[in-house]
Amino acid sequence: MANVRIAPSILSADFARLGEEVRAISAAGADWIHVDVMDGHFVPNLTIGPMVVKALRPHSSLPFDVHLMISPADPYLEAFAEAGADILTVHPEAGPHLHRTVQRIKALGKQAGVSLNPASPVELVETVLGDIDLILVMSVNPGFGGQSFITSQLKKIERLRRLIDDSGRTIHLEVDGGVDAANAATVVAAGADVLVAGTASFKGGPSQYAANIAALKGH
Ligand code: DX5
Ligand code: ZN
């Protein structure tokens with residue numbers, strides 16, 4: 001799994017020590033920091049907002065991969081961009097105008113991602129393929145860490161890999177939910193190049209982070 005990137009989800013970090021956790025996981029070999037933003041409306045959980053992203057920004061030089069599970073997302077894009085997000089990913093169902101939302105993210109100078117829930121069809125991203133930098137496949141229903149990988153998503157990952165390759169564009173294919181050292185190689189073989197991992201990155205505490213990331217990379 002030579003070029004796979006690991007994006008630890010800080011949802012599984014110790015929230016009382018978030019800055020230290022981001023430092024520790026960055027030093028342990030993480031490639032991106034995945035930030036799960038939930039609004040208690042689009043998904044049944046509440047997490048963090050732009051103020052926390054801003055507070056964490058000085059703790060890592062890695063790209064901040066901000067996954068917006070909020071509806072609507074548009075009113076908050078600028079705040080997350082200013083807080084230090086590098087990638088802003090939205091769900092098509094979170095607003096009526098996905099194309100406009102993607103253009104807004106690009107206008108803020110950030111990379112734009114689109115995320116598909118387990119029941120969301122591949123067709124939802126097809127019309128914006130020429131504009132986006134990342135597709136995020138949810139392999140659990142969004143809202144919580146620590147759920148089991150939904151294997152039916154492997155077919156979707158394979159289809160999206162073909163679509164991306166046919167487009168000739170550079171678009172990351174990121175997979176989020178239930179990814180661990182045991183299934184990482186299968187997910188990468190299906191076509192993913194970025195793996196989000198919450199539980200599998202942060203389990204065992206800071207002394208285990210380097211081994212956790214290495215295991216996810218297949219070492
Ligand atoms: C779920 C989040 C995921 C989650 C992943 O809504 O988008 O990023 O935290 O956690 P694990 O790796 O524990 O499934
Ligand atoms: Zn996520």
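The exercises below, each with a worked solution, concern the predicted model shown above.

Residues are numbered from 1 along each chain as its sequence is written, and chains are lettered from A and ligands numbered from 1 in the order in which they are written. Since the model is predicted, local features need pLDDT of at least 70 and side-chain atom pairs count only at pLDDT 80 or more, while totals for chains, interfaces and linings use all residues.

**Exercise 1. Describe the order of the strands in the sheet, and find which strands stand at its edges.**

Step 1. Helices (H or I, at least four residues) and strands (E, at least two) are DSSP runs, numbered from the N terminus, and two strands pair if DSSP finds at least two bridges between them.

Step 2. Eight strands make up an open sheet whose order is β1-β8-β7-β6-β5-β4-β3-β2, with parallel pairing. At the edges stand β1 (5-8) and β2, and because each has a single partner strand, one side of each is left without a neighbour in the sheet. From one strand to the next, the twist averages 25°.

Step 3. As one pair within this order, strand β5 (residues 111-116) and β6 run parallel and are joined by four bridges. In general, strands of a sheet pair through backbone hydrogen bonds, either parallel or antiparallel.

**Exercise 2. Work out how the buried residues of helix α4 are arranged around its axis.**

Step 1. In α4, the buried residues are L98, T101, V102 and I105. Seen down the helix axis, they fall within an arc of 100° (the arc of the directions from the axis to the C-beta atoms), so they line one face of α4.

Step 2. An α-helix has 3.6 residues a turn, so residues three or four places apart point the same way.

Step 3. The buried residues of α4 pack against α3 (77-83), β4 and β5, whereas the face turned away from the buried side carries the exposed residues H99, R100 and A107.

Step 4. Helix α4 (residues 98-107) lies across β4 (87-90) and β5, and runs at about 145° to β5; axes are lines fitted to C-alpha atoms, for helices over the stretch in contact, and angles run from 0 to 180 degrees between N-to-C directions. Just after the helix, G109 takes a positive phi of about 80°.

**Exercise 3. Locate the positions that UniProt lists as "binding site" and "active site", and examine where they lie.**

Step 1. An unreviewed UniProt entry places "binding site" at H34, D36, H67 and D176. Although these positions are spread over 143 residues of sequence, they cluster in space, the largest C-alpha distance being 10.5 Å. The feature "active site", also from an unreviewed entry, is placed at D36 and D176. UniProt positions are given in the numbering used here, feature names are shortened, and annotations may be inferred rather than shown by experiment.

Step 2. H34 lies in strand β2, D36 lies in strand β2 (residues 33-38), and D176 lies in strand β7 (residues 172-176).

Step 3. H34 counts as buried because it has 29 C-beta neighbours inside 10 Å; D36 counts as buried with 24, and D176 with 26.

Step 4. Leaving aside neighbours within four places in sequence, H67 is among the contacts of H34, of D36 and of D176.

Note on methods: Buried ≥ 20, exposed ≤ 12 C-beta atoms within 10 Å, placed from the backbone. Contact = placed C-beta atoms within 7 Å.
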